[in-house]
Amino acid sequence: MRRFVVWGDNALARRLVGELINSYGAQVTAVVPSLTQNLAPEIAELCAPDPWSMVVQERRLTAATFLRPELADAEAIAFVDADDVANVDAALIAREALPDVRVVLRMFNTVLGAGVASRVRNCAVLSASEIAAPAFVAAALGDNTPTSIQLTDGQRLAAVDRALANPADIRCGLADTAAGVTLPPDDAADLVLVSVYGQVQPAPRRDGRHPLRMTRLVLKGGLRRVLAGVFALIATGSVVVATVRDLSPWRALYVTVLTTLGGANADLEAGRISQAVDLALVFAGVAVIPAVTAAVVNTLVKARLKIAAGGLAVPVGDHVIVIGLGNVGARVVQGLHDQGIDVVAVDRAPTARGVAVARALGIPVILGDAKDTETLEAASVATARCLVMVTTDDVTNLEAALLARSLRADLRVVLRLFEEDFARRIKVAFGINHSRSVSYLAAPAFAASMVGSEVVDTIPVGRRVLLVAEVRVGARSLLEGRPFHEVGVADELRLVAVQTGRPGLGQGVQTFWWPERNRGRTLDRSHTMIVVATRAGLVSLLERAATRP
């Protein structure tokens, strides 16, 4: 039986341990810093029914840790802590102790991840947030946003709505989204996989730096009320002056403005009523000019500070509000921006990873608690197209979502929720139909990478995920010599293409699309299969494609 090691005590570690035990039938040793903190007790519960799986406590990883009997014979080790540096350090320690073990790293920093993968042998680097973010973006925009997939040979695929696809480019059906069925017969699928040619152009962006942005910001709030009072005073004074002095409307306005704002010369020949009006206007002017000056200065200072801080300068509409700017929030903000969607980002902490990402993209950032009405109103929730809650706390996500719904009942809401059962109850009780779990979306890719499959990407289908993988045909495997059309499994696996040759070895690569229609062709050990599969489908394929003695 295959043995794997998982280091970490977070949601991804918990889901990954369950994935390896339940989907792959593997023995798992989970290494945690404490048996009682975070999700370590839940991980222990997952391992308990399996007599060969266990949880061990190691407060600090050393080379001796990986020489323990329950770790030394592991086929692969996954380091899934939330800290990139901690994962790299642990992986290097493991590589020194176990030179041949496969290492799978969770990393947010793609540049650092690429450097590690290129220098550490038999190492795969994955980003949970990068895997999960497209599902949140698609849910925010209506679940029909194309998911782009790039194969290792440079060719590109995309998961799109059938209505948007060119029939000649369709490679296979992916899902019947209305029925919640994955990999149905191709003609029953409304979500399909297509080939993409050329450069995909992002949607045009609306520039948030409107030339009148500062003017609109200044003419609001207290200054607007002061100016309204001044105009009302001048209008009233003009009517009185016109009546008392028997002047035309223009002459009355002229005299009133000069008297109010510029002072007046004494006119001893004028009547008492006219003199009283002049005095009233002068006194009003003495009060108005400082009030206007103070209001203008106060508003300009606030406007400059608000713009400098990157906040929302003026109300916007048809935008997406992203609350929670951690790893996932940063990826979601980037993904929405790449789609040409206006975004308002919200977080309590100015040091959150996504704050810097949003500001670098020119996206407004509001620092505040999403559970406060003022924060949501500052983000223009009344005119938003969607609210995406991706903090790491399910209760906070739900509380803020319900508050937003109380402010606007028809608001589209996407929640980050860990538990499947909890998400189902939320859907029934509150009518919030769109929820995603980062660990649920990412764990299958991590598990597949641990068993040696090259998972190219994932395709979100609601809260579930389909895996796009490149699997080599092993020498003397159960698939070698078998026809192409025997690879697919109903509802579990679609063979999208078969590639010949090995690009990394300088061999020319030829791709056969629609391979199941090539009934005269058979698989051999020089072939790489490109497949879309469920978890069960990929497990079955890996067993059939494994090299045999």
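Q: What makes V137, A140, L141, V320, V322, I341 and V343 contacts of L336?
A: L336 touches each of them, leaving aside residues up to four places away in sequence. Contact means heavy atoms within 4.5 Å. This is a predicted model, where local features need pLDDT of at least 70, side-chain atom pairs count only at pLDDT 80 or more, and totals for chains, interfaces and linings use all residues. Residues are numbered from 1 along each chain as its sequence is written, and side-chain values use heavy atoms, with hydrogens and water left out.

Q: Where does L336 stand in the largest nonpolar core?
A: L336 is among the members that touch the most others, along with Y24, V322, V388, F446 and M529, in a core of 83 residues. Such a core is a set of buried Ala, Val, Leu, Ile, Met, Phe, Trp, Tyr and Cys residues joined through side-chain atoms within 4.5 Å. Helix α6 (residues 128-141) gives the largest share, 10 residues.

Q: Why is F484 called buried?
A: Buried means under 20% relative accessible area, exposed over 50%, and partly exposed in between (1.4 Å probe, protein chains only). F484 has 1% relative accessibility, so it counts as buried.

Q: What makes F512 buried?
A: Its relative accessible area is 11%, so F512 falls on the buried side too.

Q: Why is the pair of W7 and F79 called edge-to-face?
A: Rings of Phe, Tyr and Trp (its six-membered ring) pair if their centres lie within 6.5 Å; planes under 30 degrees apart count as stacked, over 60 as edge-to-face and the rest as tilted. The centres of W7 and F79 are 5.9 Å apart and the planes stand at 65 degrees, so edge-to-face it is. W7 sits in strand β1 (residues 3-7) and F79 in strand β4 (residues 76-79), so the pair ties together parts 72 residues apart in sequence.

Q: Why is the pair of F484 and F512 called tilted?
A: Here the centres are 6.4 Å apart and the planes at 55 degrees, so the pair is tilted.

Q: What makes β14 and β17 edge strands?
A: Six strands form an open sheet with parallel pairing, in the order β14-β13-β12-β15-β16-β17. Strands are DSSP runs of E, at least two residues, while helices are runs of H or I, at least four, numbered from the N terminus. Two strands pair if DSSP finds at least two bridges between them. β14 (365-367) and β17 (434-436) each have a single partner strand, so one side of each is left without a neighbour in the sheet.
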